[in-house]
Amino acid sequence: MFTGIIEETGTVRNIKKGANSAVLTIGAASVLKDMKLGDSIAVNGICLTVTSYTSTGFTADVMHETIQRSSLNSLHSGAMVNLERAMPADGRFGGHIVTGHIDGTGVIRWIKRDDNAVWYNIRATPEILRYIVEKGSIAVDGISLTVAKVSDVDFSISVIPHTANHTTLAGKRVGDTVNLENDCVGKYIEKFLGKPAQPTKLSKGFLTEAGY
C-alpha cells in the first residue's frame with residue numbers, strides 16, 4: 001500500500017519490450033536505501049515488484065494487464081517517473097490509500113496558473129469519473145491529490161508549488177496521458193451496496209417460537 005506522497009523522481013534508463021510485457025530499468029537514489037528483492041515500488045502510481053537492483057537503480061517486470069491499463073507504453077529512455085516505496089507500518093499516512101493498481105488513464109486538457117498554484121484539467125472515462133467526488137482524493141501518476149472540480153467528462157486539481165516541483169507534474173503538457181487510480185473506498189462501498197442481501201431466518205414467527 002502507498003500514500004501518494006512521492007519520495008523522488010527517477011529516470012527511465014532502459015525499456016525492454018516483449019510481445020505483451022516489458023522490463024523497466026530505472027535510475028534512483030532515495031528509494032534504494034533499504035531496498036530488497038521483491039519489494040513493491042510505485043512507478044508513476046503503478047505498483048511494480050523489484051526483480052534486481054544496484055547502488056544506482058532497479059529493475060522491474062511489467063505484465064500485460066498493467067501495460068493495457070496504464071501509460072507505460074508512452075515511456076521512453078530518459079523519461080522522468082514518480083517513485084514511492086510501500087508505506088511502512090510505523091510511517092505517517094500523509095496522503096490517502098493508494099494501492100498502485102491503475103484504473104485507467106486520463107488526458108490533460110488544459111493547464112492554468114493561479115497565483116502560486118497550477119490547475120490541471122484532466123479528461124477521463126465515465127468508468128473512472130463515477131468514483132470521483134469534489135474534495136475527494138485521486139492518484140494522478142501516483143501523486144495523492146484533492147479533486148477541486150468534477151464534471152461528466154473531466155475533473156480538475158489545483159497543485160501547490162512543492163508538489164509540482166518534486167514530481168513529474170511540472171513537466172506535463174496539454175495532451176499528455178496520466179495514470180489514474182480512484183480512491184478504493186468508493187469502489188468497495190459500491191460493491192457492498194450492490195450485493196444482494198443474504199436471506200435471514202429472522203421473522204415474527206421465528207421470534208414467537210423462540211419465546212420473544
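Biologist: How do you know that S7 and S12 pair?

Modeller: This is a predicted model, and in it S7 and S12 are joined by four bridges in the antiparallel sense. One place to look is Gly106, which stands opposite Val178 in S12.

Biologist: What sheet do S7 and S12 belong to, and in what order do its strands run?

Modeller: Six strands, in the order S7-S8-S11-S10-S9-S12, close into a barrel with antiparallel pairing. On average, neighbouring strands of this sheet are turned by 45° against each other, with direction ignored.

Biologist: How do you know that S7 and S8 pair?

Modeller: Seven bridges join S7, residues 104-114, to S8, and the two strands run antiparallel. The limit is at least two bridges, and S7 and S8 therefore count as a pair. Within this pairing, Trp110 has Asn121 of S8 as its bridge partner. The hairpin of S7 and S8 has two residues between the strands, and Asp115 takes a positive phi near 60° there.

Biologist: What makes S8 largely enclosed by the rest of the structure?

Modeller: Strand S8 covers residues 117-123, and six of its seven residues are buried, so the rest of the structure largely encloses this strand. S8 also pairs with S11, residues 154-159, over six antiparallel bridges. There, the bridge partner of Trp119 is Ser158.

Biologist: How do you know that the charged end of Lys149 sits over the ring of Trp119?

Modeller: The charged end of Lys149 is 5.3 Å from the centre of the Trp119 ring. The distance limit for a charge over a ring is 6 Å, so this value falls within it.

Biologist: Why is Lys172 called buried?

Modeller: Lys172 has a relative accessibility of 15%, which is under the 20% cut-off, and therefore it counts as buried. Lys172 is placed in the loop between helix H3 (161-165) and S12. Its C-alpha lies 8.9 Å from that of Ile111, although 61 residues separate Lys172 and Ile111 in sequence.

Biologist: Why is Lys135 called exposed?

Modeller: The relative accessible area of Lys135 is 62%, and exposed means over 50%, so the term applies. Lys135 is found in the loop between helix H2 (126-129) and strand S9 (137-140). Its phi is positive, near 70°, in a residue other than glycine.

Biologist: Which residues have the most contacts inside the largest nonpolar core?

Modeller: They are Ile41, Val43, Phe58 and Leu83, in a core of 24 residues. Strands S1, S2, S3, S4, S5 and S6 each supply at least two residues of this core. Another core lies apart from it, with 21 residues, among them Ile132, Ile143, Val147 and Ile157. In soluble globular proteins, nonpolar side chains tend to be buried together.

Biologist: Where in the protein is confidence lowest, and where is it highest?

Modeller: Confidence is lowest in helix H5, residues 204-209, with a mean of 70, and highest in strand S12, residues 177-182, at 97. Across the protein, pLDDT averages 90, and 94% of the residues score at least 70. Where pLDDT is low, the predicted coordinates should not be read in detail.

Biologist: How many helices and strands are there in the protein?

Modeller: The protein has five helices and 12 strands. Of its 212 residues, 41% are buried. Along the principal axes, the C-alpha atoms fill a box of roughly 75 × 45 × 40 Å.

Conventions:
Residues are numbered from 1 along each chain as its sequence is written. This is a predicted model: local features need pLDDT of at least 70, side-chain atom pairs count only at pLDDT 80 or more; totals for chains, interfaces and linings use all residues. Side-chain values use heavy atoms; hydrogens and water are left out. A nonpolar core is a set of buried Ala, Val, Leu, Ile, Met, Phe, Trp, Tyr and Cys residues joined through side-chain atoms within 4.5 Å. Buried means under 20% relative accessible area, exposed over 50%, partly exposed in between (1.4 Å probe, protein chains only). A charge sits over a ring if NZ of Lys or CZ of Arg is within 6 Å of the ring centre and within 35 degrees of the ring normal. pLDDT is the predictor's confidence in each residue, from 0 to 100. Axes are lines fitted to C-alpha atoms, for helices over the stretch in contact, and angles run from 0 to 180 degrees between N-to-C directions.
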